[in-house]
Amino acid sequence: IIWSDSCSGQNRNHIVACMLLHHLHTIENSNLAQITFKFLKSGHTYNICDADFAVLEKCIRKQQNISSLDDYLMLMRTCKVSNPFNVIEMSKNDFIESKTILANVTKRDFDHDSKEKVYWLNTHELKLTKGFPFSLFLRGKPSDEFKVLNYAKLKKKVEIVSKRWNQIKPGLLFPDGRKLQAAKKRDLLKILPLLSTDGQAYMRKITETDADEYEEDIDGFLSLDFEILDEGEY
């Protein structure tokens, strides 16, 4: 069972659901048979991890200078005296692309049986079951019946042409690492003289490669994750 807030751009969307479907049906040597993803109601999303973030943020506010990633890692490892955090530094090999997985399904927003419209923004529980490789079970309240979204690619509306999940091999999201945004690189180089010797060394390291012209997402939101609700729904 997974718990998270209801952020559509980060958690409650079909991309995350399909990534979990792929994981559920390809994980080896596991008895995992079902994944339930529960989304906390807006205004009531304070979770266990938020308390941990608060401890780290309090420690960060006390620092006069933070110049590099290593500084953040040190603060994460030392901000709790008892039961300290186990900090794992991620690399490009930890980030997997989703396009290959999404190409194996067809996104549908209507219940398989009733053909009623299903709104992700009204969903507070998502269930994925090993016996149903292309089905998403969604509901709003615990008392509601699950709506079923059939994501299988269909030929002539009957024949399933999606590949088996164990045939899908997603690659790395950034196989060569992700380049800095050009505007961000310019800003970082401007503050270089203000940093400590260690900070300058770190900044030169991350800005030594060419930058790309691209627009970053804002707070994790993507336009494709949003839905237009009927008037009066929020």
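View 1. At 76% relative accessibility, Lys156 counts as exposed; exposed means over 50% relative accessible area, buried under 20%, and partly exposed in between (1.4 Å probe, protein chains only). The model is predicted: local features need pLDDT of at least 70, side-chain atom pairs count only at pLDDT 80 or more, and totals for chains, interfaces and linings use all residues. Residues are numbered from 1 along each chain as its sequence is written, and side-chain values use heavy atoms, with hydrogens and water left out. Lys156 lies in the loop between β6 (154–155) and β7. Helices (H or I, at least four residues) and strands (E, at least two) are DSSP runs, numbered from the N terminus. Lys156 is not a glycine, yet its phi is positive, about 55°. Lys157 also sits in the loop between β6 and β7. Its phi is near 65°, again positive in a residue other than glycine. Most residues other than glycine have a negative phi. Lys157 is exposed, with a relative accessible area of 77%.

**View 2. The salt bridge between Lys117 and Asp109.** The search of the whole structure gives four salt bridges. The criterion is a side-chain nitrogen of Lys or Arg within 4 Å of a carboxyl oxygen of Asp or Glu. In this pair, the closest N and O atoms are 3.9 Å apart. Lys117 is partly exposed, with a relative accessible area of 47%. Asp109 is buried, at 17%.

**View 3. The salt bridge between Lys147 and Glu116.** The closest N and O atoms of Lys147 and Glu116 are 3.1 Å apart. This pair links distant parts of the chain, 31 residues apart. Lys147 belongs to strand β5 (residues 147–150), while Glu116 is in the loop between α4 (99–102) and β3 (125–129). Lys147 counts as partly exposed, at 29% relative accessibility. Glu116 is partly exposed as well, with a relative accessible area of 43%.

**View 4. Arg139 and Glu125, a salt bridge between strands.** Here the closest N and O atoms are 3.0 Å apart. Arg139 is in strand β4 (residues 135–139) and Glu125 in strand β3. The two residues are 14 apart and link distant parts of the chain. Both Arg139 and Glu125 are buried. Elsewhere, salt bridges that share partners join Lys107, Asp109 and Lys117 into one network.

**View 5. A nonpolar surface patch of Met90, Phe95 and Leu173.** Together these residues have about 280 Å² of accessible area. Accessible areas come from the Shrake-Rupley method with a 1.4 Å probe; for residues, only the protein chains shown count as cover. Patch residues have over 30% relative accessible area and no salt bridge; like charges are joined within 9 Å, nonpolar side chains (Val, Leu, Ile, Met, Phe, Trp, Tyr) within 5 Å. Leu173 is in the loop between β7 (159–160) and α5 (182–190). Its relative accessible area is 40%, so Leu173 is partly exposed.

**View 6. The aromatic pair Phe37 and Phe39.** Three aromatic pairs turn up in the search of the whole structure. Rings of Phe, Tyr and Trp (its six-membered ring) pair if their centres lie within 6.5 Å; planes under 30 degrees apart count as stacked, over 60 as edge-to-face and the rest as tilted. The ring centres of Phe37 and Phe39 are 4.5 Å apart and the planes lie at 35°, so this pair is tilted. Phe37 is buried at 5% relative accessibility. Phe39 is buried too, at 4%.

**View 7. Phe132, Phe137 and the charge of Lys127.** The rings of Phe132 and Phe137 have centres 5.6 Å apart and planes at 80°, so the pair is edge-to-face. Phe132 is partly exposed, at 43% relative accessibility. Phe137 is buried, at 13%. The charged end of Lys127 sits over the ring of Phe137, 5.6 Å from its centre. Lys127 also has its charged end over the ring of Phe146, 4.5 Å from the centre. A charge sits over a ring if NZ of Lys or CZ of Arg is within 6 Å of the ring centre and within 35 degrees of the ring normal.

**View 8. The largest nonpolar core.** This core has 22 residues. A nonpolar core is a set of buried Ala, Val, Leu, Ile, Met, Phe, Trp, Tyr and Cys residues joined through side-chain atoms within 4.5 Å. Leu126, Leu128 and Leu136 have the most contacts inside the core. At least two core residues come from each of α1 (14–24), β2 (34–39), β3 and β4. The largest share, five residues, is supplied by α1.
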